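Let's take a friendly walk through a protein model, one piece at a time. Keep the structure open and follow along.

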Amino acid sequence: MKTPSLDWLTDVNVFAVNRVPAHSDHLYYATMEEARKKGEMRFRHSLNGPWKFNYAANLRSRVEQFYENDFDANGWDTIQVPGHIQLQGFGKSQYVNTMYPWDGHEVIRPPAIPVENNPVGSYLKTFTLPENMKNQPLYISFQGVETAFYVWLNGEFVGYSEDSFTPSNFELTPYLQAGENKLAVEVYQRSTGSWLEDQDFWRFSGIFRDVYLYSKPSIHVEDVYVHTHLDDTFTNAILEVNLQMDTDQEITVSLVIEDADHKVVEEVKQEKVSSSCTVKLSVKNPQLWSAESPYLYQVFIKLYNQSGTLIEVIPQNVGFRRFEMKNKIMQLNGKRILFKGVNRHEFNCHSGRLVTKEDMLWDIKTLKQNNINAVRTAHYPNQSYWYDLCDQYGIYVMDEMNLETHGSWQKMGVVEPSWVIPGNLPQWQNIVMDRAVSMFERDKNHPSILIWSCGNESYAGEVIQNVTRYFKKVDSSRLVHYEGVFYDRNYSETSDMESQMYTKPADIEKYLMNNPDKPYISCEYMHAMGNSLGGMKKYTDLGRKYPMYQGGFIWDYIDQGIVKKDRYGQEFLAYGGDFGDRPTDNNFCFNGIVYANRELSPKMQEVRFLYQNIKLIPDRNGVEIINDQLFKDTSDLVLEYRLLFEGEQLFRAQKQVNIEPGSKEYIELDIPAELIKAGEYVVQTALLLKEKTIWANEGFELSFGEYVFQKDKQDFISPEGTVRVVKGDVNIGVHGEHFSTIFSLQMGSLISLNYAGKEMIEQAPSPLFWRALTDNDKGNQTGFDMSAWYAASLCRKCIGFDVQDKKAYATIRFDYALSIDSAVKLSVSYTVYADGRMKVSSSYQGVAGLPKMPIFGVTFKMSADYHQLDWYANGPEENYIDRANGARLGRFRNKVPDNVAAYSVPQESGNRTGVRRVDVINNEGTGIRISSTDQPIECNISPYTAFELENAAHHYELPAIHYTVVTVAGKQMGVGGDDSWGAPVHEEFRINAEKDLYFEFMIEPK
């Protein structure tokens, strides 16, 4: 027995003392009835709940002998287990991305750890052993402790462990006493393990996953390893089960495999078995497992003693599938696979990386409902229950070991590996390999796991390459991934596939066109920070064009925001720095397509469309259905088609269709021709679920496509009547029967638009060339490169005007000079008609040498009373010219505050493209209608100006709402998203300010 030592915290050779060897995560029961229910195990006793707790800021201030039997812990605090120390009022939450959290506080190199910055949590728990667990060997399991911890029972040292994200089990039998037992755990935030856990996440510590006692029956399977062998026709299979048992008796092992309807498929019995055995049985024509059809068989492993008494039953889910590399293509069950994936942190905005079963159920259903078929467990093994759900619901998993050493080789974006770990340093081999072994042994029986990943952003070298060799030695049914070989091709063997992060689509295409040796995946792409995900179609199109492009994983799934209260007691989602944490990477932890409170971000609209497995391409008479599914036809879906006239549904019908996987078919649609008269129409098509599934209800829309067409478009006809033009000394008035307008020659703008005695304008319209910078804009230096347009939006000089009285209408034009360049010519014209309608047109003449323009628009303010919106536009969620594929043309309603998306930092949000019209009205239904003329426009209607949004770091810093800010644009540049630290918006989605620009729109009373 070793004597515990603090030296272990900095010793790379000590990472597990007295820890039980890693094993499969199987459950076990005493009876078949219990095994079928898979409920609570009688062999398990939870220690979750309140524990006595003491927090120390560093090693020197900790209570050293708290584990001794006579230590009095009265007066100690209480903490909940599982849970993070920092989220329960102790210490400080800190978020950093690549740098180590102590950078700037202490200068150290691995394996040294901070002296001052190493908080210690001391935990105490007393328990009395349940009757049914007495007189049996007793163990304790810690499912997750960050980052290193020592364990004592009744004053005796039990063990030590590192690796925050895989179980650490210890035997307690020698230290038990009758009656009450005292369990003591000392948790250190920093250890050698901290150098290996430099992931892009909040730096927490503590016992954050379940803790439980467990015992074993007299005969027990310690480890189960399931293999499914399919022949080349995929019609015959061998189920092979390797068992490691804790017994010296000769026992009988029985294997029964049942299908999903609980019918016995095959059964085999093996007698006179001792400590280990392999059991095989044949299965003819098995149902194959895939994300499309996640068919699971149930295997019951039954152990009988020498007297024939049933002692233990293990229920084990089994999915028959074969994953392999064939002809340089990754294939599942003989078909090329395409990963439509996302990187997923375990996160809850209240409890951090402690996620509940309810959280996981919400997540898995959300993935399925939005056509996401794959998850990379970024960047550590998740709770076992997550893999159970992926098996059951059908999600392909890249299971990633707990390894990231980003800050050891990349500083401020520059690769500088002078002290990289683990690299080729043999002293780090065992501690790194331990993490691989722990993940593999626990997770090996989950059919959803197709790929083992050797960690994330830890450069390259012999140590990690040896991890790959280990995975290949113990498991031939999966491939191995590691992106870091990109930095040193001498270790190309480490990864079976070419994996890169945030590579531009054009560069990926160059790789694919150069006869590569390996298929390509984007293990991270489309950095979804803030208002992002623009240009995603450029990546998904590669999957159709190049067989060796096999998809990617969006970064990432959920914002890592923590609920906090501002100084006035209002809750908000906090990011790095909001807890006084320094150093910090601020809001770089907000990259999700799901908000931290588990509400969908507007970005999910695009993901859901571009990840569709079945494409619908309608025209005026029918729809082409392209079934990209590998294994399923469309018989479980119904085709619904609708005809809309200017947003209003005229016709709706359904058809039964059955398109075979990997094929396409054109289906004619029976739309009554007599319904189509003059105007704009949309043919909308959708595939809906026929029946309820475990992840969605009957009628849920799985795929969508639309076709827009016009018949006999009518040109604008000037209304009858006349207007009265009043030419004052300072103002020009244009009046009609129920309206009046006033234009100020002094201000150089429209200053009043009055309909039926109600003023519509609170602040005069002005040209706008600036949008509130998005996170991507900040990262690619838009603010620096285009800042002249900021000034041009705030200040302009009216250098001339013109008034034309045409009796039936009047036009007032204002000419402006802009500070950005004296040669630029800009004019805004207002044409007022006799019925009160007003056409606003903006004309811009560019000059050479100007920077790109963020937006070309006009903005004005209305009273905040006008807060109801009725759109006929692309929606329903916000969309931009490079993120509008998932939007659909229709009629939608929302309120002005709804257009401020909950991105961590206020920024441009709420835009709609393809706007035909939008009504801005009050609760009584009166206000204005803004509509397009020849070409659809873009509109953003918000409670805040671009400049108010720009000046707020949090939403609570925004001013009280007084106005409705209407922005109408001919064009706004895209939002981009290849990455958030330098990638520009793609050229075709930018605005060239050297060219002439023009747009117009109408305002009329509503």
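In this predicted model, four strands make an open sheet with antiparallel pairing, in the order 41-40-43-44. Strand 41 (648–656) and strand 44 (701–711) are the edge strands, each pairing on one side only. From one strand to the next, the twist averages 15°.

Look inside the sheet now. Strand 40 (residues 637–645) and strand 43 (residues 679–689) run antiparallel and are joined by nine bridges.

| Helix | Residues | Residues in the contact |
|---|---|---|
| Helix 3 | 357–369 | Lys357, Met360, Leu361, Asp363, Ile364, Lys365, Leu367, Lys368 |
| Helix 4 | 384–393 | Tyr385, Trp386, Leu389, Cys390, Tyr393 |

The residues of this contact between helix 3 and helix 4 divide into nine nonpolar, no polar and four charged. The angle between the two helices is about 35°, and their axes lie 10 Å apart. Helix 3 passes helix 4 in a right-handed crossing.

Finally, visit helix 6 (residues 462–474). How far apart are its end C-alpha atoms? They are 19 Å apart, which agrees with the 18 Å that its 13 residues should span at 1.5 Å a residue. The buried residues of helix 6 are Val463, Ile464, Gln465, Val467, Thr468, Tyr470 and Phe471. Their cover includes helix 5 (429–443), strand 31 (449–453) and strand 32 (479–481).

Note on methods. Residues are numbered from 1 along each chain as its sequence is written. This is a predicted model: local features need pLDDT of at least 70, side-chain atom pairs count only at pLDDT 80 or more; totals for chains, interfaces and linings use all residues. Side-chain values use heavy atoms; hydrogens and water are left out. Axes are lines fitted to C-alpha atoms, for helices over the stretch in contact, and angles run from 0 to 180 degrees between N-to-C directions. A crossing is left-handed if the near helix is turned anticlockwise from the far one by less than a right angle, and right-handed if clockwise. Contact means heavy atoms within 4.5 Å. Ala, Val, Leu, Ile, Met, Phe, Trp, Tyr, Cys and Pro count as nonpolar, Asp, Glu, Lys and Arg as charged, and the others, Gly among them, as polar. The expected span of a helix is 1.5 Å times one less than its number of residues. Buried means under 20% relative accessible area, exposed over 50%, partly exposed in between (1.4 Å probe, protein chains only). Two strands pair if DSSP finds at least two bridges between them.
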